Amino acid sequence: MASFISSRLTMISFVIFLLAIWSVNAQLSTSFYSSSCPKLSSTVQSTMRSAISKEARIGASILRLFFHDCFVNGCDGSILLDDTSNFTGEKNANPNRNSARGFEVIDNIKSAVENVCPGVVSCADILAIAAADSVAILGGLTWNVKLGRRDAKTASQSAANTGIPAPTSNLNTLISMFAAVGLSTKDLVTLAGAHTIGQARCTSFRARIYNETNIDTSFASTRRSNCPNAAGSGDNNLAPLDLQTPISFDNNYFKNLVQKKGLLHSDQQLFNGGSTDSVVSGYSTNPSSFSSDFAAAMIKMGDISPLTGSNGEIRMNCRKTN
């Protein structure tokens, strides 16, 4: 009898847990703003198109902001908050300092959205839509973004320092960090495909191009020409993460890995005789598979711990709480 009661209680607890997950995700919907802000999608997209037309790299920067936001206490817009005399945000955490960019684009989108539906759309949702638009505008697949997030009133520099994967991470560390936010090893490889666009600073890949052996020698030589082997010398010099098509969202990133031309240590770890080699190989020859999987993984990442309902707020200014 005792074991029966225990089993029943365990089952009830599990059902409550599932309902809790369902209730959070149920509040995110692709039609969340269909009545309250029907012009939202077109407003965000036109502003992103304008920004990318002026600087193609900004699409990758916005996509990166979304990643770095979601990996720190969920997709809550916390990365957008500025430091003040009595508030420490995430912008100056090690993974973001001197590298996170695109904040002014989010400001511009927020201003445009406020003009058509004031006080309705969160900065967290604007960032999610802008990231998806960046992929689509640069040639990737379009997907319907789930919306209904609210904005955090807090941020965590310490969580940003420990929760965002570093370019020096090995495969086991990457797998563990993605698992910590509910993403699978396949999600890791798929989402790493975002490095098919954008650039990295010399300080992020110097050790790889001078010290590592699992790298194409001609590729390493090319990268060394703009990244001196001396700390502090040319640290901010840029190189494309995908040397073939750095402003086109395609599967060339994976082709590069197969050829040992991954720019970052963490990139090449995905194809280095380990458990993820087969996924990389598959994506390198099947661009449509990568595209569809990437869209699904982005939707999954967007579900990480959103603030919904009465939690959080709708910021009037993405850089500060109300």
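Q: Why is D107 called partly exposed?
A: The term covers the range between buried (under 20% relative accessible area) and exposed (over 50%), computed with a 1.4 Å probe on protein chains only, and D107, with a relative accessible area of 22%, falls in that range and is therefore partly exposed. The model is predicted, so local features need pLDDT of at least 70 and side-chain atom pairs count only at pLDDT 80 or more, while totals for chains, interfaces and linings use all residues. Residues are numbered from 1 along each chain as its sequence is written, and side-chain values use heavy atoms, with hydrogens and water left out.

Q: What makes R319 and D107 a salt bridge?
A: The name requires a side-chain nitrogen of Lys or Arg within 4 Å of a carboxyl oxygen of Asp or Glu, and the closest N and O atoms of R319 and D107 are 2.6 Å apart, so the pair qualifies. R319 lies in the segment after α14 and D107 in helix α4, so the pair ties together parts that are 212 residues apart in sequence. R319, at 25% relative accessibility, also counts as partly exposed. This pair belongs to a network of salt bridges linking D82, K91, D107 and R319, and by this rule the count comes to 11 salt bridges.

Q: How do you know that K146 and D303 form a salt bridge?
A: Their closest N and O atoms are 3.0 Å apart, which meets the limit, so the pair is counted. K146 sits in the loop between α5 and α6 (157-163) and D303 in the segment after α14, so parts 157 residues apart in sequence are tied together. With a relative accessible area of 21%, K146 is partly exposed.

Q: What makes α3 a helix, and how does its span compare with the expected one?
A: Helices are DSSP runs of H or I with at least four residues, numbered from the N terminus, and α3 (residues 57-70) has 14 residues. The expected span is 1.5 Å times one less than the number of residues; α3 reaches 21 Å from its first C-alpha to its last, close to the expected 20 Å.

Q: Why is α3 called mostly covered?
A: Of its 14 residues, 12 are buried, among them I58, F66 and D69, so each of these three has a relative accessible area below the buried limit. What covers the buried residues, contact being heavy atoms within 4.5 Å, includes α2 (40-54), α4 (103-116) and α14 (287-302).

How values were computed. Helix = DSSP H or I, 4+ residues; strand = E, 2+ residues; numbered from the N terminus.
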